[in-house]
Amino acid sequence: MNLDFKGKKALVRVDFNVPLDKDFHITDDTRIRAAVPTIKHILNQGGAAILMSHLGRPLKKLKEDGSIDREKFTLRHVVPHLSELLGVPVQFCEETVGEKAQAMAAALKPGSVLLLENTRFDAGETKGDENLARRMAALGDLYVNDAFGSAHREHSSTATVARFFGKDAKAFGFLMEAEVKNASRVLNNPERPLAAIIGGAKVSDKILLLERLIDSVDTLLIGGGMAYTFLKAQGGQVGKSLVEDDRLELALQLLEKAKSKGVKLLLPEDSLIADEFANTAQFHSAGSKAIPEGWMGLDIGEKARQAFAEAILQSKTILWNGPMGVFEMPNFANGTKAVAEAVAQATGKGAFSLVGGGDSVAAVNQMGLSDKVSYVSTGGGAMLEFLEGKELPGIKALA
Ligand code: AMP
């Protein structure tokens with residue numbers, strides 16, 4: 001972060017879009033913690049921080065009378081915990097922009113922190129509205145974007161606002177820098193062999209990612225629900241496993257492409273199959289291409305776990321996106337657990353590992369392995385788009 005914050009007010013876009021329980025207590029503060037180093041750096045340098053973030057989708061979840069549910073979506077919920085993490089009392093403004101926000105920003109002393117209200121209370125935010133962005137920009141001397149989780153959105157606070165700051169008055173925060181650096185380590189000149197483990201529910205969500213990865217990886221491991229579309233495309237019997245019948249052709253094309261590029265592609269040889277989609281279902285193991293009618297694959301089987309672990313342990317760079325089974329149900333979490341353990345073990349032996357995008361992040365956290373892998377991304381959709389090779393508006397805006 002190459003900015004001099006001394007005596008300056010930095011407008012910082014953070015990602016405080018944290019999950020809250022019904023009493024509005026934070027149930028996972030990862031995203032808040034991730035922004036703390038940047039905020040502390042600004043304060044330690046003698047600057048003041050004006051923080052802005054969204055929280056949920058307030059305009060999509062209006063109250064019955066059509067008004068915004070301010071009680072539910074206010075960022076005031078994070079003030080006590082944020083103050084505790086920063087070690088300074090955080091001031092809160094119930095406006096995002098406006099006279100009050102301006103007055104509070106203007107009165108801010110070095111070393112102090114002001115949190116603005118949910119950026120998405122204003123309909124202009126998600127449209128990238130320029131007027132709104134101009135009013136945001138007027139609050140600070142410098143702009144810092146540390147909201148990697150929102151970097152794939154071209155919104156007023158994540159992208160448009162940057163137009164109002166000169167090249168040397170805007171920068172990435174530490175989190176944003178780390179996310180980009182770690183993802184780039186996988187994408188550009190990775191140490192080989194490079195393995196990608198891709199799982200999760202649907203092929204259709206990950207087509208671009210798979211296409212891009214087949215161009216660069218040495219090994220591709222496909223697990224989770226999406227594996228059954230590939231297995232069916234190869235002529236396998238997959239029972240009532242999750243299958244996207246309109247993607248069978250695409251699955252064959254991807255398999256063909258992998259073959260022609262010399263990519264070692266592994267599908268789970270066996271699966272844990274269940275008679276219903278529930279943790280209480282009856283289940284046993286079976287060949288993934290010989291699943292009887294009325295049964296569905298909910299996790300990779302023992303042979304697949306071993307084969308996947310072996311491939312992971314032979315790799316020097318590892319990317320993992322998506323669980324290997326329905327890991328939310330304990331009976332079907334073992335495949336995901338085995339992969340998490342293999343990734344941790346490979347990392348212990350010197351490999352670089354990136355866990356990025358959505359549920360695999362939840363899985364490593366749940367299994368207590370997050371500090372045994374090299375990097376756990378905080379940005380679900382943003383990381384996915386970055387890995388797909390898309391230019392993220394939040395990153396482009398600072399170029
Ligand atoms: P994604 O968001 O695409 O990474 O998908 C994650 C979801 O895929 C999780 O909620 C898993 O429960 C689900 N999933 C993983 N494996 C399977 C499977 N074999 N059948 C159905 N759903 C699955």
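I began with the ligand: it has 16 residues around it, and A201, G225, G297, E328 and D359 come nearest (a residue is near if one of its heavy atoms lies within 4 Å). This is a predicted model, where local features need pLDDT of at least 70 and side-chain atom pairs count only at pLDDT 80 or more, while totals for chains, interfaces and linings use all residues. Residues are numbered from 1 along each chain as its sequence is written, and side-chain values use heavy atoms, with hydrogens and water left out.

Next I sorted the shell by class and found 7 nonpolar, 6 polar and 3 charged residues; Gly counts as polar here, and Asp, Glu, Lys and Arg as charged.

Then I looked up polar contacts (pairs of N or O atoms within 3.5 Å). A backbone polar atom of G225 lies 3.1 Å from a ligand nitrogen. The side chain of K206 places a polar atom 3.2 Å from a ligand oxygen, and for D359 a side-chain N or O atom is 3.5 Å from a ligand oxygen. On its own the ligand has 500 Å² of accessible area, and the protein covers 81% of that (Shrake-Rupley method, 1.4 Å probe).

I also checked where the ligand sits: in the largest pocket.

Last, I turned to the domains, whose bounds come from an automatic or database assignment. Domain 1 spans 9–172 and domain 2 spans 180–387. Their C-alpha centres are 35 Å apart. Domain 1 gives 6 residues to the contact and domain 2 gives 7, with contact meaning heavy atoms within 4.5 Å.

Definitions and conventions: Polar contact = N/O pair within 3.5 Å; in protein donor to acceptor, adjacent residues only side chain to side chain. 1 Å grid on protein atoms, 1.4 Å probe; cavity = no way out; pocket = protein on both sides within 12 Å on 5 of 7 lines; lining within 4 Å. Sits in = over half its atoms within 2 Å of the grid points.
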